[in-house]
Structures are given as structure tokens and as C-alpha cells.
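Hi there,

Here is the structure I promised to pass on to you. Please open it beside this email, so that you can find each residue while you read.

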Amino acid sequence: MMFAPAPYLLKDASVSRVMTMVCLALIPGITAYAWLVGPAILVQLVIASFTAIAAEAVMLKLRGKPLAMFLSDGSAIVTAWLIALTFPPLAPWWLVVTGTLFAIVIAKHLYGGLGQNPFNPAMVAFAACIVSFPALMSQWPSVGLQMPFLDQLNVILGLAPRVDALSGATPLDAMKTALKLAEGQVDIAHLLANQDIYGNFAGRGWEWVAIGYLLGGLWLWQRKLITWHAPLAFIGGMVLISGALWLYQPASFANPLFHLLSGGTLLGAFFIITDPVSGCTTPRGKLIFGFCAGLLAYIIRVFGGFPDGVAFAVLLMNLSAPLIDQLTQPRIFGMKGKQS
Amino acid sequence: MLAKLFKFYGGVKPPSNKTLSNQQPIRPAPLPSCLVVPLHQHIGGTPRPLVQAGDPVLKGQKIGEADGWISAAVHAPTSGTVVEVAMHVRPHVSGLESLCVVIEPDGKDEWIAHGPADRAAMSPADICQFLQEHGIVGLGGAGFPTHGKLKATPGVPMAELIINAAECEPYITCDDLLMRERADDVVRGIAVFRDMLQPTQVIIGVEDNKPEAIAAMQKAVEAQGEAFAVVPVPTLYPAGGAKQLIRVLTGKEVPGAMRSTADMGVQVFNVGTAYAAWRAIGHGEPLISRIVTLTGNVRGAGNVEALIGTPMDELLQLAEPNPDTDGIIMGGPMMGFLVPNEHAPIVKTSNCLIAHSERLFPPKAPEMPCIRCGACARACPHELQPFELYWHARAKDFGKTQQYHIFDCIECGCCSFVCPSRIPLVQYFRFAKSEIWAREKEKKAADEAKQRFEFKQFREEREKAEKAEKLAKAAAAQAAKKAAEAAAAASEAPATEQPAEAALDPAEAAKKAAIAAAMARAKAQREAAQPKNTDELTPEQAREMAEIEARRQQAGIVPEPADAQPATTETKPE
Amino acid sequence: MDILLAIAIMALGAVVLGAALGFASIKFKVEGDPLVEKIDAILPQTQCGQCGFPGCKPYAEAIAKGEVDINLCPPGGMEGVQRLADLLGREVKPLEAEEKPKQVARIDENTCIGCTLCIQACPVDAIVGAAKQMHTIIALQCTGCELCLPPCPVECIHMEVIPETLENWKWKYPVVAIQPVAARPSAKEAA
């Protein structure tokens with residue numbers, strides 16, 4: 001008999017359970033996505049998941065680790081789903097595969113596998129692909145476009161030409177380009193009236209996807225899988241800076257609600273900022289991490305060259321996470337109120 | 001009652017499983033077939049054995065004398081004969097042995113003459129000695145000699161005396177039953193502590209999952225007219241940890257570095273210790289038995305009053321363990337350990353034996369990598385960062401573990417309990433702590449060795465200098481003598497020899513003369529020296545010596561006198 | 001003209017920086033060689049000479065000068081090599097000699113002839129005795145350097161491994177089998 005150490009009673013928890021719950025929390029957002037934008041997302045999810053599992057299996061074999069234990073922990077699936085959700089829904093299949101391979105092989109396994117990656121793998125994939133294939137990564141379908149599923153599938157698989165109707169930008173991008181082109185001559189309110197692109201609060205259709213992510217994220221918080229610090233700080237940072245600029249010049253800067261419900265803000269707040277491996281771990285650290293990421297995301301998306309800044313903001317904060325952790329260590333029991 | 005209760009950070013709620021064993025009253029355990037009483041059962045110096053094989057002993061007779069202030073005596077749990085005083089396996093996770101007194105009971109269970117202490121005539125120091133002589137140690141788990149805690153720190157008034165009746169670990173119910181059945185004696189014991197420490201408040205903290213015990217204690221306190229406060233505390237593991245209980249009842253946070261909580265005006269004793277103290281003071285009974293919970297994979301779980309030194313497998317039989325039992329856990333499921341050898345005896349700090357089976361305690365899933373989820377940090381009652389300690393302990397970077405306060409860890413197991421990756425965090429911390437202690441010992445030994453080495457070099461230099469000085473003095477004396485002789489001879493000898501002799505440097509000549517004299521002296525000493533123990537040699541020894549002598553002659557080695565010549569020091573480093 | 005100006009500025013910069021460095025090297029010079037002290041603090045102070053040097057301090061000095069490798073000290077073990085490598089930024093190499101468990105010497109009192117050769121040999125004065133008197137080793141002070149073994153003419157000194165007792169027992173590094181023992185015995189991974 002093995003002399004197992006105490007404790008002999010354990011809470012019912014496991015890594016695969018954590019990952020499963022994250023996937024479940026993404027379901028509301030995915031449902032809204034498939035319903036309002038198109039079922040292509042489901043195809044992308046499948047492609048990404050298969051690639052992720054295959055890549056993980058190969059890497060584990062190469063590294064000499066046991067396959068069954070690590071493949072069943074579900075962390076590769078979560079990464080795959082995040083990639084599928086942040087890439088354009090009609091991206092070519094090989095783009096999603098490339099991104100997933102980059103995430104699993106380079107950003108995860110080459111750094112040491114589960115629990116060892118300093119950067120969020122999904123964000124690394126996004127950043128690598130948007131820098132390498134900027135045109136393809138900017139081809140978001142116009143929401144008014146309701147292609148039949150089979151046509152969507154053909155586009156993904158490269159069997160149908162990528163027509164211009166696909167080359168709509170995201171609502172965020174559309175806003176930014178319009179503002180730049182007009183050079184201050186155009187009013188935001190005027191732009192928002194374009195019902196083809198914008199819905200009630202933000203991008204038409206996309207706003208409901210964002211709300212789906214919000215619901216999923218709140219469920220995760222209620223189940224105590226994530227703490228409130230990082231998401232709230234991220235949202236707070238974004239709201240603060242967008243609110244300040246909007247109050248300053250409402251004609252040139254969109255309101256905070258628009259920014260919250262556009263792009264990857266809410267997906268990032270609840271699913272990306274809260275990645276435990278690459279984020280901060282102390283409560284104060286999480287607040288700083290989330291807040292700065294929110295600020296950076298806004299700055300990149302409004303003043304920078306990319307349509308959405310969440311990926312780069314997260315990567316930049318991943319760089320500083322160890323330093324933040326070191327500086328925000330909480331005072332331990334018995335050492336409060338004293339120089340420890 | 002207390003004004004309010006405080007909360008401590010973290011903590012977990014494991015399933016308590018206490019109803020298994022708290023339904024029956026305490027049963028006395030029958031005499032076992034033999035008693036193996038370890039001498040070292042507490043923190044502090046090992047007691048010296050007072051008996052040897054063949055001695056008859058009576059129940060309560062002292063068999064081990066306390067060694068120093070932080071130590072307590074050990075007594076025979078029943079009357080019988082001492083079989084041997086030898087190394088036997090003790091209930092320790094290493095399975096190593098320590099010195100034990102093995103007693104074979106004679107069945108008569110005859111007490112030694114004993115009586116209560118005359119408290120009126122005893123000073124506090126006398127009472128401390130009385131408790132030490134009766135082997136009273138902390139029964140809550142650590143086993144610190146109780147008399148060492150019965151003094152306030154000078155300059156710090158004792159504010160609270162806390163009696164720890166929380167019993168937060170699952171499965172254990174011995175304190176629960178003790179309070180239900182023997183509350184009167186417990187309260188009297190608490191009164192003894194109160195008289196010694198003179199605190200402003202006496203608080204008895206009991207977890208609120210023990211309503212009968214709370215009621216019994218309250219009744220006893222009222223019946224004796226004492227002003228002790230019986231306070232129910234919320235059930236949360238580890239509320240029974242001394243520092244956590246202090247925090248809950250008084251709001252004070254005792255830092256890990258503080259050796260004695262008395263420095264903050266608080267002292268904590270286990271409720272079982274108070275009971276044992278009263279049995280000693282009020283009846284003169286030394287600590288020879290304690291209440292042990294027998295639970296787990298058994299049919300008849302309950303509490304027994306067992307004699308110290310009863311082998312564990314025999315004791316567990318009283319609870320009728322199921323056939324699929326494959327081990328015994330000593331202690332609770334959070335902080336206890338599987339005993340490597342089930343014949344090990346119970347000691348003063350054994351509060352519970354849990355029969356282990358794979359059905360009750362399923363084997364743990366294999367350890368996955370840490371995903372830094374932070375669940376452990378949220379559960380730690382000392383507000384540490386267990387995952388950071390884990391990373392650094394795993395990397396064997398022990399300096400960093402100390403920076404993250406590893407020695408504040410009380411090894412309660414909350415972090416391992418919640419970890420989704422099933423990492424045995426506490427094992428890593430224990431490994432790190434014992435490595436750090438081992439390294440400190442090694443460093444100390446290395447520093448001492450370096451000191452002795454440097455002193456040895458200094459001593460050799462000094463000897464060389466002294467010898468040179470002596471030689472110089474002798475040389476000067478010789479020179480004077482020679483000069484006188486030369487002067488005397490010069491007046492007779494031919495003139496041509498004079499310049500030659502006078503030209504000889506007097507110091508040179510004196511030195512040569514001194515060397516010649518020393519060599520002659522040494523030769524004489526060598527020849528005169530005889531080995532001292534050469535009388536009555538056996539033929540064997542004589543032959544051996546002849547062989548050795550022959551070998552030495554062959555090797556050309558001759559024994560040097562104590563004041564070795566400088567030449568030999570160069571042969572040392574090889 | 002521009003290029004001459006550029007060269008002149010670079011030269012001026014070099015002179016200024018050089019002067020600053022020279023000033024600093026004189027003004028802030030540290031007496032002695034603290035590196036030797038740091039290396040000596042890592043070495044186990046056994047003074048056994050197995051590294052080829054007469055004591056730990058000479059070995060430390062040689063390492064500081066960069067003349068020798070860091071893997072010549074068996075009593076320090078691989079851990080000592082690792083710590084030296086960390087301190088000096090050098091590569092970790094396996095030990096030259098075999099690493100032995102901690103030992104103390106023991107004199108067989110029946111055979112000892114009282115020659116005091118071992119007393120002179122012991123670098124830390126851990127042997128008590130005098131000429132023609134019984135010699136004995138103070139176990140607590142013996143560092144296990146084995147320097148007393150060769151000089152003894154009757155070969156009465158032996159090395160004994162220190163046994164594991166409750167006083168010196170320590171928790172081992174947690175090793176966990178990642179497969180249940182029955183399923184795959186070969187898959188044991190040191191966690």
C-alpha cells in the first residue's frame with residue numbers, strides 16, 4: 001500500500017472540472033453568435049478543437065508525458081474555443097489551424113506545458129495571426145449578410161471565393177475608419193444611426209454576443225471559479241477612460257456602453273483576463289492587472305492601428321504580471337500593521 | 001459572554017463525520033497484552049529511564065525522569081514487570097525507533113500510593129514541578145509540557161486564558177465526549193490554570209457542532225460558581241488551531257515568529273490537558289491514559305479511555321474494524337498520517353485512530369501541474385500564498401520560501417484540500433522546512449569546523465614561534481658557555497686555531513650544539529619509553545604487538561615525542 | 001567636416017566615460033576579495049584536501065582566480081556544485097569524485113597504539129588523545145574528511161556512515177506515481 005500523505009479528505013475539484021465549467025460559461029455567447037451572425041462559428045469551433053487536441057497529443061508524446069491524463073484536462077479545448085471566438089467567423093480553415101497550432105505548440109508546450117505559460121496562448125495566437133495576415137483577420141462578415149450554412153462552410157474550407165461582401169469590418173473598425181476618414185467632420189451619433197452596422201447599443205448582433213459572454217462570466221463568478229477583481233477592474237478601466245474621453249468630446253469618442261459591448265471587451269473581461277496561469281494572483285495585483293489592461297485595450301483600439309486592442313493589452317500585462325505579483329503580496333496573518 | 005466573535009481568513013468545510021463516533025459514551029479499554037511506553041512523548045528533552053529489565057512496577061510509578069525544564073516525566077500505565085528498555089518503533093511517519101519501556105501487565109492494575117496536591121501550601125513553582133513530575137503535557141497534538149506554559153511573560157499582563165475545545169478536525173470526537181461526561185473535572189482543571197496565570201478573562205471555545213458539550217460545560221461552570229465564558233464558535237476548519245482560535249475569540253493575530261502566545265497576553269490549553277491537570281492535582285494521578293476516538297472503517301466506532309503504550313492494532317480491535325481496512329491513520333484526516341507500523345503504541349498526543357480503507361478514503365488522483373488558480377491562497381488560514389511556496393519548494397529555492405513565510409505554515413492541509421490539481425502541497429512545505437533546518441545545522445557545523453581549523457593553524461604557528469624562541473634562548477646560553485670555554489682554551493692552544501674557532505659565528509655554533517643536545521635527548525627518551533599497558537599481556541596480544549613492531553621497523557616509522565619537529569607537519573595534506 | 005565632428009564627439013564621450021570609470025575604480029575600490037569569502041561560505045569546511053588544495057580557503061581562492069573547476073569537492077556534493085555555479089555563473093558539471101554519504105571516523109580502541117599521528121593529521125582537532133594514551137574521535141566534531149586514515153600505522157580507523165535517527169530524519173521530496181500502481185508500474189514520475 002502506498003503511504004499517501006494527509007489530507008485524506010479532499011474537496012471535489014479537478015482541473016478538467018474547472019475547464020468544463022469555463023466551456024459551459026461560453027455557451028450563451030456562442031449561442032447568440034451562431035444565431036445572430038451565422039453558424040459558421042460552430043465549424044470554426046470544431047476545427048480549432050480538433051487541431052488543439054491533435055497538437056497537444058503530439059507535443060505530449062514528444063515531451064514524454066502521459067497522454068490520457070493531460071489530454072482529458074480540457075485546457076486545450078478552452079484555448080481552442082477562445083481562438084475560434086476571437087478570429088473572424090469566416091476565416092479560412094488553415095488560418096484557424098495555424099493560430100491554434102501557434103497557441104498550443106509554441107505558446108503553451110514550448111514554455112513547459114500546462115501551468116507554465118507566461119502569456120495567454122489564445123492571445124498569442126491572435127496577435128501572431130493579425131500581424132502575419134492582417135487582411136484576412138480583418139474580414140468580418142457584414143451582419144446583414146445571411147448566407148446559408150453550406151455557403152459559409154464552403155468559404156471556410158476555401159471552396160468558394162472570398163467575395164467582397166465578406167470584407168466588412170467589425171463595428172469598431174468601421175467606427176474608427178469612418179472617424180479617421182472624416183477627420184472630425186462626422187458626428188458619432190450620425191454614424192451610429194447606420195442600422196446596417198450598429199444595433200441598439202453597439203454593433204448589430206455583436207452586442208448580444210457580448211451580453212451572452214457577460215451572462216456566462218457572471219455564472220463563473222457565482223460558482224467561485226473566478227473572483228470579481230480582474231473582470232471588474234478591466235471593465236472599470238475601459239469605462240473610465242472611454243467615459244472620460246466621451247464626456248470631453250462626445251462627437252469624436254463613442255460612449256462607454258458602445259465600447260463595452262464591442263469587440264472582445266466582455267469576452268476578455270471574464271475569460272481572458274481571468275486566465276490564472278498568465279495573470280496576476282494576488283487580489284490587489286488582479287485589480288491593477290485588469291485596470292491597466294482595460295486602459296491599454298481602449299488606447300490601442302481607438303488610437304492604435306489594430307481593430308481591437310484586447311489581445312495586445314493582455315499580452316503587455318502578462319509581461320508585467322510577475323512584477324505586479326511581487327509588489328502586491330498581501331500581509332500575512334499576524335503581520336498586519338507592522339513592517340513585515 | 002463575549003462582546004463579539006472575529007473571523008479568520010480562509011478555512012474549509014470538510015464533511016465532519018463526527019456522528020459516527022459520538023453516539024456512545026466513553027468505554028474503558030481492557031488491559032492490552034503488553035505496553036510499549038516511549039520515553040520521549042513530548043516536545044523537549046528525552047526523559048531518562050529509571051527502571052531496567054526485570055523490575056516490577058506499579059500503576060502510576062515514574063519510569064522516566066524529566067530531563068531539564070522543557071521535559072516531563074513518564075509513568076507506568078499499569079502494574080506489571082518491565083520486560084526491557086529498548087528501541088521500539090514509535091508512532092512517527094518515518095517508522096523509526098526510539099527508546100521505550102516495555103511492560104508486561106500482571107492483570108492486577110495496582111496503583112502506586114498517590115494523593116492530591118496540597119495546593120494551599122504550594123507556591124506556583126511547586127505546582128509547576130508537581131505537574132512536570134506527573135507528566136502533564138499538552139494533549140491537543142503538540143505535546144508541549146504544560147508547566148512551561150503556566151507563567152505569564154514578565155511585563156505582559158495575561159489578558160485571556162483560552163481553553164481549546166473546538167476539535168475542528170473531522171472524525172475526532174474525544175474532546176466532545178470528555179466535556180459531555182467529565183465537565184466538572186475539566187472545569188476544576190481550568191480553575192487550576194486560572195489560579196496560576198491570573199488572567200482577566202477565561203474563555204472556553206467550543207465549535208457549535210457540539211451542543212451537548214456546550215450545555216454540559218455551561219452547567220459545570222455554573223455549578224462551581226466560576227466566571228468562565230463558554231463560547232460557541234462557528235464550525236470551520238481549522239478553528240481549533242491555537243492562533244486561529246485566539247483570533248476568533250479575541251481578535252488578536254499572533255504572528256508566526258512569536259514563540260509563546262503569552263507575549264501577547266494570551267495562553268491556550270486543550271480541554272483534555274485541563275482534565276489531566278486536575279486528575280494530577282486533585283487526585284495525584286499521573287498522565288497514564290487518555291481518551292482516544294476509534295472511527296473510520298469500523299463497525300463499532302466510539303471513544304475509549306486507553307492506556308498510553310497500547311499497541312495501535314490492538315486498540316483498534318475494540319471498534320471492530322471491517323475486513324477491508326488496510327491501514328491506520330493516527331490523528332485526523334486533515335493532519336494525521338498513516339502509521340508505517342501498526343504495532344506502534346499510542347502516545348500522550350494520540351487523539352484518534354481512523355481505520356483506513358480505499359472505500360472511505362479513495363486514492364487520490366495523480367498530481368497535475370499547478371495552474372495558479374489561487375484556490376489555495378483563498379483557503380489558507382494564515383493568508384500565505386501556498387502556490388508560491390510550492391513553486392519555490394519544488395525548485396529547491398529555499399531562500400525564497402522563507403521570503404514567503406514558509407515557517408508560518410501550520411500544515412493544516414486546507415490548501416491541499418482545495419487544490420484542483422491534487423498537489424500534495426503540505427508535503428512540499430514539510431520537505432522544504434526540514435531541508436532548511438538540515439541546512440542550518442550543516443552550516444553551523446561547517447562554521448564550527450572552520451573555526452577549529454583556523455585555531456589549529458594558529459596554534460601550530462604559535463608552537464613554532466615558541467620553539468624558535470626557546471631555541472634562540474638555548475643558543476644564546478650555549479654561545480655564552482662556548483665563548484667562555486673558547487676563551488679558556490685559547491690561552492693554551494696554538495694561536496693559529498684561535499682565529500678559526502673565533503671566526504665561527506657563535507650563534508651558528510650554539511645552534512648546532514643545541515640541535516645535537518636535543519637529538520641526544522630524544523634518542524634517550526625513545527629508548528627509555530615503554531608502552532604503559534604491557535603487563536599481563538595475553539599471548540595473542542603479545543604476538544600482535546610483535547607483528548606491529550616488526551612492521552614498524554620495516555616501515556622505518558618510530559613514534560615521535562609530543563613536541564614534534566616541524567618537519568612532520570608537512571606530510572599532513574595528502 | 002561632419003564626420004570629423006562626429007569622431008570628435010565620440011572621442012570626447014569615450015574620454016569622459018573612461019575618466020569616470022577610472023575614478024570609480026579608485027574611489028570605490030573594495031579591499032580584499034569578497035568573492036573568495038562567498039565561495040568559502042558555500043564550501044563545507046571539511047578541510048579534507050580531496051580537491052587537491054590544503055584546505056577549503058585555498059580552493060576558494062583558486063576558484064575565484066578561475067584556475068580550477070567547481071566540481072572538485074565531494075563533501076559539498078552536487079548541491080555545492082550547483083550553488084557555486086549559481087554564484088559564479090559557470091556551468092554545472094558532474095562531480096569528479098564519487099559523492100559519499102555523510103560519515104564519521106571511528107578508532108578501534110583495541111588496536112590503537114597511541115602514536116598521535118592521526119591527531120596531527122586531523123585538520124579540525126576532532127581527535128582527543130596524547131602520546132601512549134588512547135586516542136578517540138569526537139563524533140560530533142568529525143567532518144568525515146578521512147585524512148586520519150592514511151597516517152595510522154595500524155589501520156585502526158574506519159569510516160562509519162551516520163545512521164538515520166529521529167533527530168536527523170527529514171521529510172523527503174514528494175514523489176507521486178501518476179498512474180495507479182496496478183495499471184502502469186513504469187509510469188512513475190518524480191513530481
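Predicted model: local features only at pLDDT ≥ 70, side-chain atom pairs only at ≥ 80, totals over all residues.

**The cores**

The largest nonpolar core has 95 residues. Those with the most contacts inside this core are A:Leu26, A:Tyr33, A:Leu85, A:Phe87, A:Tyr213, A:Leu267 and A:Phe271. Helix H1 of chain A, residues 15-36, brings the largest share of the core, with 11 residues. Another core lies apart from this one and has 72 residues, including B:Ile127, B:Phe130, B:Ile190 and B:Ala379.

Which residues does A:Tyr213 touch, leaving aside its neighbours within four places in sequence? They are A:Leu26, A:Gly29, A:Tyr33, A:Leu85, A:Leu266, A:Leu267, A:Phe270 and A:Phe271.

**Where chain A meets chain B**

Here 39 residues of chain A are in contact with 53 residues of chain B. The buried area between the two chains is about 4,000 Å², and carbon and sulfur atoms give 65% of it. Three residues, A:Tyr8, A:Leu9 and A:Phe333, supply 23% of what chain A buries against chain B, more than any other three.

How many salt bridges cross this interface? The rule finds 1. You can look at A:Asp325 and B:Arg372, whose side chains meet in a salt bridge at 3.6 Å, N to O. There are also 10 residue pairs in polar contact across the interface of chain A and chain B, both residues being at pLDDT 80 or more. Sorted by class, the side of chain A that touches chain B has 22 nonpolar, 8 polar and 9 charged residues.

**Where chain B meets chain C**

At this interface, 40 residues of chain B are in contact with 41 residues of chain C. About 3,700 Å² is buried between them, with 62% coming from carbon and sulfur atoms. B:Leu96, B:Arg452 and B:Phe453 together supply 15% of the area that chain B buries against chain C, more than any other three residues.

The rule finds 5 salt bridges between chain B and chain C. B:Lys456 forms a salt bridge with C:Asp125, where the closest N and O atoms are 3.5 Å apart. Several elements of chain B give two or more residues to the side that touches chain C, among them strand S8 (97-105) and helix H11 (425-490). H11(B) gives the most, with 18 residues. That side of chain B divides into 14 nonpolar, 6 polar and 20 charged residues.

Enjoy exploring!

Conventions. Residues numbered from 1 in each chain as written. Chains lettered and ligands numbered in written order. Heavy atoms only, no water. Core = buried A, V, L, I, M, F, W, Y, C linked by side-chain atoms within 4.5 Å. Buried < 20%, exposed > 50% of the residue type's maximum accessible area, 1.4 Å probe, protein only. Helix = DSSP H or I, 4+ residues; strand = E, 2+ residues; numbered from the N terminus. Contact = heavy atoms within 4.5 Å. Buried area = accessible area lost by both parts, 1.4 Å probe. Salt bridge = Lys/Arg side-chain N within 4 Å of Asp/Glu carboxyl O. Polar contact = N/O pair within 3.5 Å; in protein donor to acceptor, adjacent residues only side chain to side chain. Nonpolar A, V, L, I, M, F, W, Y, C, P; charged D, E, K, R; others polar.
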